[in-house]
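Please find below some notes on the structure shown here.

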Amino acid sequence: TLDGGKSYKVWDVLKDNYPDNNAQKVHKPGTAAAANAVCWSCKSTDVMMDWAYLGDKVEGAQFSRSSNPVDVVRKVNHAINCNFCHDPHTAQPRVVRDALIDAVTRDDKSVPNVYRDVAAHPTKLDVKDVGVRGFTRKVAYMDKADSNLMCAQCHVEYICNPGFDAKTGAKIGFDSRLTNHFPFVNADEIEQYYDKIGFRDFKHNLTGAALVKMQHPDTETYFGSTHDKAGATCATCHMPKVKDEKTGKMYTVHWATSPRHYMQETCLTCHKDKTAEQMNKAIDAMKGHYDGKVREAEARMNDMFNAFELAIASGVDEKTLDEARKLHSSAHINWEYWTAVNGAYFHNPEEAQRSLAKSAKAASDATALLRKAIAAKASAKAGK
């Protein structure tokens, strides 16, 4: 809202400085335009009626995964709003994000799925094809509101960019549904999952390892945690029930924020034997312990990078380098998962410690492997 509560549209207050073209503009030196059409399926539902299921390029749908993002943005007038999670006609709880619907309805039991395998209190979804415009669109309705799934429409690890196949080296472009994909697995399974589908985002410019660029796997991390098992949902802590100061009625806060702003209505509703001060100190301690584990993994990877640089300069053979690259890939994904996630130190500290320990070990193993090869090279050279 603007001007004392008056509703407005984005393009009522924004100005298009380049109406004559749709090229993405780079506004800072040394940067690149990063948006794409898939990104906007998490930022607004305005283009939902013109978007086929998973962004497929089909007749009748104005936009697809390969659409120019500037064209998409020009059609957007509203940010995330009520109809992401509620039917605009009936207010029935629902999810509309196509990649999430795909993730929770995948029936391949050989592939891990955090909602099917780990979530403590899954909610049944009724998926309906609402493609009345001549192409497939899907909406998933719930018999009761489940904020874990509502928030999972965006607070997840996802693929939204082109990449390449780690097995063949072939490029993966927007013609592939993998560029609008939720793995929907937790840190215990993420490495296995990406190895199975073969998708990689980029190669490291020093080591040459094929790596995944992680996003923000918040929902997957929370599923199976202590608080998930206890029945708490995203809304329990981030959208609590509060009392209206004027009417005295209880309502759900839709300002999704830290529970630290509402300690009485969040933590202390269950932890009745504690005070807000005690809870804040406990949270700070959890954060400190978690940060230490992240820094430890990073220190081990720094050692690994130094070893890689020396190994390459020493002419260590490609077979050994490839073995070390696989270890780098493992170290990376089990570290970057935790640099991308939000609030992991609280949401699931046990899982974080397991995964970060894998990262530190893989990096240390790579360092040991490379140092051994470097020493062998030096010894052979000295023997000559």
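1. In this predicted model, D16 has a relative accessibility of 26% and therefore counts as partly exposed, since that class lies between under 20% for buried and over 50% for exposed. Its salt-bridge partner is R74, with 2.7 Å from N to O. R74 is likewise partly exposed, at 29% relative accessibility. The two residues are 58 apart in the chain: D16 belongs to the loop between α1 and α2, and R74 to the loop between α2 and β1 (94–95).

2. Side chains of opposite charge can pair when their charged atoms come close. The model contains 22 salt bridges. Among them is the bridge between D87 and R94, at 4.0 Å from N to O. D87 is buried at 9% relative accessibility, and R94 is buried at 6%.

3. A further salt bridge joins D195 to R200, with the closest N and O atoms 2.7 Å apart. Here D195 is partly exposed at 42% relative accessibility, whereas R200 is buried at 7%. Salt bridges also link D50, K75 and R133 into a network.

4. Where does H181 lie in the chain? H181 sits in the loop between β5 (171–172) and α6 (190–197). With a relative accessible area of 9%, H181 is buried. Its side chain makes a polar contact of 2.6 Å with that of Y193. Beyond its neighbours within four places in sequence, H181 touches several residues, including A99, D102, R106, E157 and Y158.

5. The aromatic pairs number 7. One of them, Y158 with F182, is tilted, with 6.4 Å between centres and 45° between planes. Y158 is in the loop between α5 (147–151) and β4 (163–165), and F182 is in the loop between β5 and α6, so this pair ties together parts 24 residues apart in sequence. Both Y158 and F182 are buried.

6. Y290 and Y345 form a tilted pair because their ring centres are 6.2 Å apart and their planes meet at 50°. Y290 lies in helix α11 (residues 276–314) and Y345 in helix α13 (residues 344–347), so that distant parts of the chain, 55 residues apart, are linked. Y290 and Y345 are both buried. Elsewhere, ring pairs join Y115, F184 and F223 into a cluster.

7. On the surface, Y8, V13 and L14 make up a nonpolar patch with about 270 Å² of accessible area together. L14 is located in the loop between α1 (10–13) and α2 (69–73) and is partly exposed, at 49% relative accessibility.

Notes. Residues are numbered from 1 along each chain as its sequence is written. This is a predicted model: local features need pLDDT of at least 70, side-chain atom pairs count only at pLDDT 80 or more; totals for chains, interfaces and linings use all residues. Side-chain values use heavy atoms; hydrogens and water are left out. Helices (H or I, at least four residues) and strands (E, at least two) are DSSP runs, numbered from the N terminus. Buried means under 20% relative accessible area, exposed over 50%, partly exposed in between (1.4 Å probe, protein chains only). A polar contact is a pair of N or O atoms within 3.5 Å; within protein, one must be able to donate a hydrogen and the other to accept it, and residues adjacent in sequence count only if both atoms are side-chain atoms. Contact means heavy atoms within 4.5 Å. Patches are made of residues with over 30% relative accessible area and no salt bridge: like charges are joined within 9 Å, nonpolar side chains (Val, Leu, Ile, Met, Phe, Trp, Tyr) within 5 Å. Accessible areas come from the Shrake-Rupley method with a 1.4 Å probe; for residues, only the protein chains shown count as cover. A salt bridge is a side-chain nitrogen of Lys or Arg within 4 Å of a carboxyl oxygen of Asp or Glu. Rings of Phe, Tyr and Trp (its six-membered ring) pair if their centres lie within 6.5 Å; planes under 30 degrees apart count as stacked, over 60 as edge-to-face and the rest as tilted.
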